[in-house]
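Please look over the chain below before reading on. The paragraphs after it go from the whole chain to single residues.

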Amino acid sequence: MARLKPLPQLWIVSDARNDAVLERALARAPRGSGLIFRHAHLPPGERRARFAALARLARARGHLAILAGSAAQARRWGADGAYGPAPRLARGPALFRLVTVHSLREIGRAGRTDAVLLSPVFPTRSHPGGAVLGPVRFRLLAARSPTPVVALGGMDAARARGADWPRWAAIDAFLR
């Protein structure tokens, strides 16, 4: 764990769908939010250049810039941390570590992390027709986590308020 700053309550998760609005989303997000940069659709050189540009904007607004990848890659790219499944983040330099989880078993395997992103809470365009946790099961699982939980999957500000959950992340919510 390497939490040097407070854990953001709002996380903007990037991908091809919201790439065109990321600058606007970063400018509108409350100071101290976070960017989780995925962009797996880009070739490596373009991905690194896009991360560098968005990280500059994020930091200018006091946001964290987290890279989907290993902790070693995140360090090389100058990211504030790494995002991904627990096995990929088990080793490496001390940075923020955000682990993706979908079940109680994965929460238990997350190990020492700064936060887990528990998903999917609601239906998503990323996984159409896929199983969802729903707000009740999400809260039951979140209560078992030894680390802070960020809600992911079909989230937006209204759903976060309705679920009375302070930390949430989204892709599509920033397209509006």
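Helices (H or I, at least four residues) and strands (E, at least two) are DSSP runs, numbered from the N terminus. This is a predicted model, in which local features need pLDDT of at least 70 and side-chain atom pairs count only at pLDDT 80 or more, while totals for chains, interfaces and linings use all residues. Residues are numbered from 1 along each chain as its sequence is written, and side-chain values use heavy atoms, with hydrogens and water left out.

The protein chain has 7 helices and 8 strands. Its C-alpha trace spans about 40 × 35 × 30 Å along the principal axes. The radius of gyration is taken over C-alpha atoms, and the globule rule is 2.2 Å times the number of residues to the power 0.38. For 176 residues a compact globule would have a radius near 16 Å, and the protein chain, at 15 Å, agrees with this.

Accessible areas come from the Shrake-Rupley method with a 1.4 Å probe, and for residues only the protein chains shown count as cover. The accessible surface of the protein chain is about 8700 Å², and 56% of it belongs to carbon and sulfur atoms. A residue is buried under 20% relative accessible area, exposed over 50%, and partly exposed in between (1.4 Å probe, protein chains only). By this rule, 51% of the 176 residues of the protein chain count as buried.

Contact means heavy atoms within 4.5 Å. Among contacts in the protein chain between residues at least 6 apart in sequence, 50% join residues at least 24 apart.

Next come the aromatic rings. Rings of Phe, Tyr and Trp (its six-membered ring) pair if their centres lie within 6.5 Å; planes under 30 degrees apart count as stacked, over 60 as edge-to-face and the rest as tilted. The structure holds 3 aromatic pairs. In one of them, the ring centres of F51 and W77 are 6.0 Å apart and the planes are at 45 degrees, so this pair is tilted. F51 lies in helix 2 (residues 44–60) and W77 in helix 3 (residues 71–77), so the pair ties together parts that are 26 residues apart in sequence. F51 counts as buried because its relative accessibility is 1%, and W77 is buried with a relative accessible area of 15%. F138 and W165 form an aromatic pair that is edge-to-face, with 5.0 Å from centre to centre and 85 degrees between the planes. This pair links distant parts of the chain: F138 is in helix 6, and W165 is in the loop between helix 7 (157–162) and strand 8 (168–170), 27 residues apart. Both F138 and W165 are buried. Ring pairs also link F37, F51 and W77 into a cluster.

Leaving aside neighbours within four places in sequence, A160 is in contact with M155, W165 and W168. A160 counts as buried, because its relative accessibility is 5%. The C-alpha atoms of A160 and P135 are separated by 9.7 Å, although the two residues are 25 residues apart along the chain.

Some loops hold details of the backbone. Which residue in the loop between helix 7 and strand 8 is considered here? That residue is D164, which has a positive phi of about 55 degrees although it is not a glycine. D164 counts as exposed, because its relative accessibility is 59%. H39, in the loop between strand 2 (34–37) and helix 2, has a positive phi of about 45 degrees and is not a glycine either. H39 is buried, with a relative accessible area of 1%.

The loop between strand 6 and helix 6 contains P120. The peptide bond from S119 to P120 is cis, with omega near -10 degrees. T124 lies in the loop between strand 6 (115–118) and helix 6, and T124 is buried with a relative accessible area of 18%. Apart from neighbours within four places in sequence, T124 is in contact with G153 and G154. The C-alpha atoms of T124 and M155 are separated by 8.5 Å, and these residues are 31 residues apart along the chain.

T147 is found in the loop between helix 6 (134–143) and strand 7 (149–152). T147 counts as buried at 12% relative accessibility. Not counting residues up to four places away in sequence, T147 touches G111, T113, A115 and V116.
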